[in-house]
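Here are my notes on this one, in the order I went through it. Have the viewer open as you read.

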Amino acid sequence: MHMDTLEAKERVVKAGRKLVESKLIARTWGNVSCRISDSHFVITPRGRDYLQMTVNDIVEVAIADCSYSGDVKPSSEKAMHAAVYKQYPEVNFVIHTHQENASVVSAAGLEAMKVVGEYPLLGGEVICAEYALPTTTKLARKVSKVLMRKGGQAVILAKHGALCFGVSDDEAFQVATDLETACADYVNSQYNHLSGNNSGDLVELSYYAISRLMGKPQPLPEAMESGFYFESERTDSGFRLKLNNGATIEVKSGELHSSMPEEAKLLNEIYQSFNDINYIVHTNSLSVAAVSHADLTVRPLLDDFAQLVGTSVKTVTPWNAPRIRSALKHASAVLLHREGALCCGSTRSDATAVAMVLEKNCKALIGASLFGPVKPIHQLESMLMRFMYLKSYSKQAAKKS
Ligand SMILES: [Zn+2]
């Protein structure tokens with residue numbers, strides 16, 4: 001029995017909101033669809049906010065050739081969804097996410113992840129589809145290939161995220177949630193296997209992995225502080241610095257004196273050098289903090305890092321203004337040796353998104369390194385994704401203003 005189109009659209013809208021609330025996706029990354037017949041499904045549109053979405057934004061798409069009608073463009077990953085509906089007549093709901101732990105496993109270059117624990121919906125193993133650039137027919141073909149193998153109701157997409165499906169929306173959600181736990185357990189059991197430590201402590205795991213990457217033991221930091229140290233925002237006369245103890249300092253660029261903290265002098269230089277930066281956050285989240293000890297150049301292990309952050313993020317001496325400025329010419333973030341990272345954007349939402357994607361990519365570097373040498377996305381592919389992202393971003397900004 002098939003669902004009425006309007007009801008299907010309502011379920012997709014509801015599921016989009018639930019995905020954001022459950023933190024399985026952020027912003028417009030990821031998409032949701034629901035089957036309405038043997039030949040059609042409805043899917044979320046391209047690049048719209050899930051919290052503002054209505055049934056009028058949901059697009060009907062043909063399973064056979066992904067054709068659609070109307071003014072609203074369907075998600076550019078529609079072909080992956082169609083591949084699932086083609087392969088499994090009993091599946092009525094598909095979710096594509098960039099969820100954190102599945103992304104970590106997706107960066108490890110595995111053919112499949114063995115499922116430990118009681119997750120019947122996942123089957124005995126979750127198969128990983130080979131890498132292809134997002135939104136391409138090549139990626140959809142690789143997903144189809146994996147779906148033909150007998151597996152559970154989830155597929156991991158190399159260096160990208162996951163695809164989860166079920167007979168209903170509730171079941172597809174259960175698959176996504178189970179996958180998140182199973183992936184975290186999988187990384188942790190590898191850590192346990194290598195180190196003999198079964199504490200499950202993420203700080204210990206992170207510094208153990210960084211020590212292996214550096215080839216020398218890395219002591220745990222005395223006290224792990226996390227979250228933002230400060231945020232700062234451009235103002236008409238300079239910038240406003242908000243410290244994490246709640247204090248706010250207004251700085252006028254013309255009135256900076258030598259008694260000001262190094263951070264303020266640095267922020268002043270960044271705002272003066274980059275017209276498109278209006279917001280800067282300093283993050284010291286767990287994985288970013290750990291990676292900042294390693295003095296590495298971090299390259300994209302995940303598509304959304306290449307798009308939002310850049311093709312390489314350098315580690316520099318904290319508050320060294322010339323080197324930080326030069327690093328920010330090529331990326332939206334810079335790692336500060338042993339001090340976390342600065343993440344920049346034209347709005348607060350952009351800067352915090354950069355911080356979130358940087359944390360995920362650093363977590364992926366840590367997790368994936370436990371399974372062998374970590375291979376970043378090919379440089380040319382990263383450059384292409386970054387270019388396309390910046391182009392569509394400036395187009396959207398022009399539309400708004
Ligand atoms: Zn995606």
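Domain bounds here come from an automatic or database domain assignment. Keep in mind that this is a predicted model: local features need pLDDT of at least 70, side-chain atom pairs count only at pLDDT 80 or more, and totals for chains, interfaces and linings use all residues. Residues are numbered from 1 along each chain as its sequence is written, and side-chain values use heavy atoms, with hydrogens and water left out.

1. Domains. The protein chain splits into domain 1 (5–193) and domain 2 (228–398). Taken over C-alpha atoms, their centres sit 29 Å apart. To the contact (heavy atoms within 4.5 Å), domain 1 brings 21 residues and domain 2 brings 24.

2. Interface area. About 2000 Å² is buried between domain 1 and domain 2, and carbon and sulfur atoms give 65% of that. Buried area means the accessible area (1.4 Å probe) that two parts lose on being put together, summed over both.

3. Who does the touching? On the side of domain 1 that touches domain 2, α3 and α5 (169–195) are the elements giving two or more residues. The largest share, five residues, comes from α3. Helices (H or I, at least four residues) and strands (E, at least two) are DSSP runs, numbered from the N terminus.

4. Zinc site. The protein donors of the zinc ion are His96 (NE2), His98 (NE2) and His160 (NE2), lying 2.1 Å from it. Donors are N, O and S atoms within 2.8 Å of the metal (3.2 Å for Na, K and Ca); water is not among the atoms, so sites may look incomplete. The donor spacing in sequence is H-x1-H-x61-H.

5. Burial. Histidine 98 counts as buried at 13% relative accessibility, and histidine 160 does too, at 4%. The cut-offs are under 20% relative accessible area for buried, over 50% for exposed, and partly exposed in between (1.4 Å probe, protein chains only).
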